[in-house]
Amino acid sequence: MSEADSGRDRLRELLDAVLDDDNATLADMADRAFSSPFHFTRTLSRQAGESPVALRRRVLLERAAWQIARGTSVTDAAFGAGYGSLEGFTRAFTRTFGHPPSATGPGSATWVPAPNGIHFHPPVHLWVEQTPRRDTGLDVTALQVHHDVEDTAALIGRAAELSEEQYRHEWFPGLTVLEWDGQEGSIAACLHRLVAAKEVWLASIEGADLPDPGGDGLQELRERHTRAAQRWVATTAGIERRGAWGDRIVDAICDPPESFLLGGIVAHVLTYAAHRRLLVRHMLRACGAGADHGDPLEWLQVRNAGHERGEAP
């Protein structure tokens, strides 16, 4: 079984071995990782671009800088970083940060450049920068847009496993998400609004006529969602590409017409889409169908694991 299949994060295991408080020597680190010092050093250096000893020294100095900036004494920070003498700690700190620890105060930098982007992150965590930093095309907005449309498609698929009675049952009688959309106490109504909301806002952005509200049959919803999702992803990507989040449209579909920022429209759609997807999950559980969390963290992990195995997204 591969590491991806087993859920293991080998780099994380190696870093844990390096930074464990009890592992002050290379031999201790290697023992924790069930490796020889030679292979441990070679593996970590290849994956992190930094030797285990150098990585541990730097991250502990970053932690010491953070502690001193928050009021810890230089002496306590020095011994916490594993230094046997204050003089040795002061020399190493000054060489690393360009100033002595006594000059560290609130607002002082506590990170130094690293070949791997791995830094101390308070209180006891690590922060891994993207290294080198680059435009991946997957900013937070794009992530939310893609997660929303894929998650909606998955929920429509789950709804297809229900009986017609379960699909249309009013699990939350009288529930209203937005007053102008009416009641959404059933899975059918909630899924219908998930799809229709994008169709309406796309029409506003594109300057088209108000779309037909359509029905809530699952086959129709699946087809409409597929079309709307493709347009929605392309539209939001185009806004990002043009830097047009601050552009404003006058929405003639509203009566009377209103003006909206494009960034506000996308934030609105994502906010209420997330709310409705969670409502659908509550209703799926209410009828005994079960549902996952709909967590973008879990979705992204599964997606990335698939990419590593060469699977299509």
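1. Let's start inside the protein. The largest nonpolar core has 21 residues, and those that touch the most other members are A159, Y167, I187, L191, L218, V280 and L284. The most comes from α10, which supplies six residues. Please keep in mind as you look that this is a predicted model.

2. Leaving out residues up to four places away in sequence, L191 touches L155, I156, A159, Y167, L218, L221 and V280. Apart from this core lies another one, made of 16 residues, including L14, L19, I118 and F120.

3. Now for a pair of helices. How do α8 and α12 lie relative to each other? Their axes come within 10 Å and cross at roughly 30°. Angles under 35 degrees count as roughly parallel, so α8 and α12 are roughly parallel to each other. The crossing in which α8 passes α12 is left-handed.

4. Which residues make the contact between α8 and α12? On α8 they are T141, Q144, V145, H147, D148, D151, T152, L155 and R158. On α12 they are V266, L270, A273, R277, V280, R281 and L284. By type, the residues of this contact divide into seven nonpolar, four polar and five charged.

5. V280 is among the residues that touch the most other members of the largest nonpolar core, V280 is touched by L191, and V280 belongs to the α12 side of the contact with α8.

Technical notes. Residues numbered from 1 in each chain as written. Predicted model: local features only at pLDDT ≥ 70, side-chain atom pairs only at ≥ 80, totals over all residues. Heavy atoms only, no water. Core = buried A, V, L, I, M, F, W, Y, C linked by side-chain atoms within 4.5 Å. Buried < 20%, exposed > 50% of the residue type's maximum accessible area, 1.4 Å probe, protein only. Helix = DSSP H or I, 4+ residues; strand = E, 2+ residues; numbered from the N terminus. Contact = heavy atoms within 4.5 Å. Axes fitted to C-alpha atoms, helices over the stretch in contact; angles between N-to-C directions. Parallel < 35°, antiparallel > 145°, perpendicular 65-115°, else oblique. Left-handed = near helix turned anticlockwise from the far one by under 90°. Nonpolar A, V, L, I, M, F, W, Y, C, P; charged D, E, K, R; others polar.
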